[in-house]
Amino acid sequence: MAIDRVREYFRQYHMEDRIREFEVSSATVELAAEALGCEGKRIAKSLSFMVDGKAILVVAAGDAKIDNPKYKAQFGTKAKMLTPNEVEDMVGHAVGGVCPFGIQEGVAVYLDVSLKRFATVFPACGSSNSAIELTIGELEEYSGFVEWIDVCKGWTEE
């Protein structure tokens, strides 16, 4: 199971006990916010795309949406989301539990600037009923991200 891979990933940092598992689904921003008792915008959703034949993840705030012109300017191609089967095969997690931890080798992770307005955010942990609270610094450290990018719209600075 993908959550076991994520738990093992965090074990090397002695952080596996910070993973929270819920009796209810946290597969969408709304469900995750409800399970955690936080605002949906603090959910760090991981969006899976295909760029040059490879899977990438864009981790963005729960209230952000991909801005197609910004995405094309960043990656030189139209935003093409992976199918659920492609996500599981290429990233290593099923839709609803996708996160930047314990993923397949070669998957590049990008963090969207929409996350920078929060002290902490809640990414999933490989299953549709899990999350972990991380500071932005921890997200940077443990996601192995390539760079901060600005490819979203629909959110505002606070």
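Is Glu21 buried, partly exposed or exposed? Glu21 is partly exposed, with a relative accessible area of 47%; here buried means under 20% relative accessible area, exposed over 50%, and partly exposed in between (1.4 Å probe, protein chains only).

The structure is a predicted model, in which local features need pLDDT of at least 70 and side-chain atom pairs count only at pLDDT 80 or more, while totals for chains, interfaces and linings use all residues. Residues are numbered from 1 along each chain as its sequence is written, and side-chain values use heavy atoms, with hydrogens and water left out.

## Salt bridges

Side chains of opposite charge can pair when their charged atoms come close. A salt bridge is taken as a side-chain nitrogen of Lys or Arg within 4 Å of a carboxyl oxygen of Asp or Glu, and by this rule the count comes to nine. Three of them are given in the table.

| Pair | Closest N to O |
|---|---|
| Lys41 and Glu39 | 3.7 Å |
| Arg117 and Asp63 | 2.4 Å |

Helices (H or I, at least four residues) and strands (E, at least two) are DSSP runs, numbered from the N terminus. Asp4 joins Arg7 and Glu21 in a network of salt bridges.

In the salt bridge of Lys41 with Glu39, Lys41 counts as buried at 16% relative accessibility, and Glu39 counts as partly exposed at 48%.

Arg117 and Asp63 form a salt bridge with their closest N and O atoms 2.4 Å apart. Because Arg117 lies in the loop between strand 5 and strand 6 and Asp63 in the loop between strand 3 (54-61) and strand 4 (65-66), the pair ties together parts that are 54 residues apart in sequence. Arg117 is buried, with a relative accessible area of 15%, whereas Asp63 is partly exposed at 24%.

## Aromatic pairs and a charge over a ring

Rings of Phe, Tyr and Trp (its six-membered ring) pair if their centres lie within 6.5 Å; planes under 30 degrees apart count as stacked, over 60 as edge-to-face and the rest as tilted. The whole structure holds 10 aromatic pairs. One of them, between Phe10 and Phe101, is tilted, with 4.8 Å from centre to centre and 55° between the planes. Phe10 is in helix 1 and Phe101 in the loop between helix 4 (84-91) and strand 5, 91 residues apart. Both Phe10 and Phe101 are buried. Ring pairs link Tyr9, Phe10, Tyr13, Phe101 and Tyr142 into a cluster.

The charged end of Lys116 sits over the ring of Trp148, 4.7 Å from its centre. The rule for this asks that NZ of Lys or CZ of Arg be within 6 Å of the ring centre and within 35 degrees of the ring normal.

A polar atom of the His93 side chain lies 2.8 Å from the backbone oxygen of Phe101. Contact means heavy atoms within 4.5 Å. Leaving aside neighbours within four places in sequence, the contacts of His93 include Ala2, Arg5, Val6, Cys99, Phe101 and Gly126.

Arg42 lies in the loop between helix 2 (29-36) and strand 2 (43-51). The C-alpha atoms of Arg42 and Thr120 are separated by 7.5 Å, although the two are 78 residues apart along the chain. Not counting residues up to four places away in sequence, Arg42 touches Phe118, Thr120, Val121, Phe122 and Glu133.

## Helix 5

In helix 5 (residues 136-143), the buried residues are Ile136, Glu138, Leu139, Tyr142 and Ser143. They cover an arc of only 155° around the axis, which puts them on the same side of helix 5; the arc is that of the directions from the helix axis to the C-beta atoms. The elements covering them include helix 1 (2-11), strand 5 (108-112) and strand 9 (147-149).

Ser143 is buried, with a relative accessible area of 6%. The side chain of Ser143 reaches the backbone oxygen of Leu139 at 2.7 Å. Beyond four places in sequence, Ser143 touches Pro100, Phe101, Val109, Leu111 and Glu138. Just after helix 5, Gly144 takes a positive phi of about 60°.

Note on methods: Polar contact = N/O pair within 3.5 Å; in protein donor to acceptor, adjacent residues only side chain to side chain.
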